[in-house]
Amino acid sequence: MRRPVALRLSAASAAMAIAAAVGVALSMPEASAATGSATGYATQNGGTTGGAGGETVRATTGTEIHAALCGRADSTTPITIEVEGTINHGNTAKVSGDSCNTADGVIELKQISNVTLVGVGSGAVFDQLGIHIREASNIIIQNVTVKNVKKSGSPTSNGGDAIGMESDVRNVWVDHTTLEASGGESEGYDGLFDMKDNTQYVTLSYSILRNSGRGGLIGSSESDLTNGYVTFHHNLYENIDSRTPLLRGGIAHIYNNHYVSLNESGINSRAGARAKVDNNYFEDSKDVLGTFYTDEAGYWQVSGNVFDNVTWSEAGEENNPAGPDPQSNTTVSIPYAYTLDAAACVPDVVSRTAGAGTGLQVSDGNCTVQTPTATATPTATATSATPTPTPTSSATQPSGTNLSLGAGSDGSSKASGTSYGNVRDGDLSTYWSPTGSTGSISIKWGSATAVSTVVIREASGSEGAIGSWRVLNADTGAVLTSGSGAGTISFPRTSLSKVTFDITGSTATPKVAEFETYDQ
């Protein structure tokens, strides 16, 4: 007989859960806007970019999220919705419009595309309110907590799923989220991360799934076999009864996850499914891999995993555990590039990177934690975007004092051999580069400083590499202006203590020799 998860919470873990529930919106580190790039299967089928290239708006209620979706020109217009605060039944209502199809009591991402939903500021918590993705594509959900979503009892939302996807969904990246319940099905909860009815090209990364009877499924029945191409990496599964995940048909790539206290079963590959299971760390758990509760077999390819205090049941007619000595019984070809952390360091890496409010830290693939390159930065708009001033970009030299000289600087990342300070030293032979093709660099002062013009000078030999960009008031997150190409950029005079040049597109590695600032 299945024992409810809620009854197995120790005093320590219960106290931790209560602290998290109380403190998540109060003590969480300052959150960032959407950062990094999609990984895993979400990079395939054209890739997953969410709302990149569109406007950015701020929402503090579920109704405002729906209003932002409904306020677009059409259902495919890119948008990034930055969410802060607690989203619940009391502030989430249906909004109507030609570019949306929303509902009461759930965050409804239905019949839409090109959307990013990201927690910012002190954090975003969806309390007893699920996120539903249906007939949608190119969706990013990042840096949010979804907790205690029920299918029975009161209130109910999203069929009891924290995040649920169904009906021809394509290209979804869910990253740095915390998905949690307070029990199993008998307490009214269902899955934390469910996919069904032809959902494909999904990645779940750097997330926490805990205190639930069911982690999640891919395919709702043995006949729902059109789902798949799903990647799970650098996630923590803790105190879960089963389904980490349940995979029916299709292909999943599961690597560098930390599994703790899987109480009944773990990765359940069945009905012809194939799972590639690499360099995971399984701890204090039972039957962490196999085919369970059915005689319709699934398959797995295993390598580099650690099984620490894992117990295995005896094989039976509807029970086929992979252990106690798991061996591969299929091969799975992975179409994208990835780098594996050693399984031994996975508990440490995941403890520092997984979940909302962790600063969007990631692994470098060599057991080292780092901050990814920023691809979007917050704005200060609310439920509608403020029109962006038209920038002027030229090689004209401004008059007056270059305020960057003697100021400070920082950025999202820096390539080896480059420095943030190189952009304010007056020397065109030194420069800063991001670690990738996009990134941000900032000039900062100890007190508010009026700025109306910046000049971006590229290093010799790299002229023309910088493509699209935004200039941001880093104090508030407001977009001061945007455009493309380096040179002189003017915008309305603004008093600020930090200004950011955010490179969102490039034709080659950007090299910023000087980031000059002026008040004209």
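## Disulfide C345-C367

C367 is partly exposed, at a relative accessible area of 26%. The model is a predicted one. C367 is bonded to C345 in a disulfide with the sulfur atoms 2.0 Å apart. The link is left-handed, with -75° about the S-S bond. Distant parts of the chain are linked here: C345 sits in the loop between β26 (319-321) and α3 (346-353), and C367 in the loop between β27 (362-363) and β28 (369-370), 22 residues apart. C345 has a relative accessible area of 14%, which is under the 20% limit and therefore counts as buried.

## Disulfide C70-C100

In the link of C70 and C100, the sulfur atoms are 1.9 Å apart. This link is right-handed, with 100° about the S-S bond. C70 belongs to helix α2 and C100 to the loop between β2 (79-87) and β3 (107-110), so the bond ties together parts 30 residues apart in sequence. Both C70 and C100 are buried.

## H66 in helix α2

Helix α2 (residues 62-70) also contains H66, which is buried with a relative accessible area of 0%. A polar atom of the H66 side chain lies 2.9 Å from the backbone oxygen of A93. Beyond its neighbours within four places in sequence, H66 contacts residues including T92, K94, T102 and V106.

## Nonpolar cores

The largest nonpolar core has 65 residues, of which I81, F126, I131, I133, F193 and F232 touch the most other members. A second, separate core of 22 residues includes V423, I456, I466 and F501.

Notes: Residues numbered from 1 in each chain as written. Predicted model: local features only at pLDDT ≥ 70, side-chain atom pairs only at ≥ 80, totals over all residues. Heavy atoms only, no water. Helix = DSSP H or I, 4+ residues; strand = E, 2+ residues; numbered from the N terminus. Buried < 20%, exposed > 50% of the residue type's maximum accessible area, 1.4 Å probe, protein only. Polar contact = N/O pair within 3.5 Å; in protein donor to acceptor, adjacent residues only side chain to side chain. Contact = heavy atoms within 4.5 Å. Core = buried A, V, L, I, M, F, W, Y, C linked by side-chain atoms within 4.5 Å. Disulfide = S-S within 2.5 Å.
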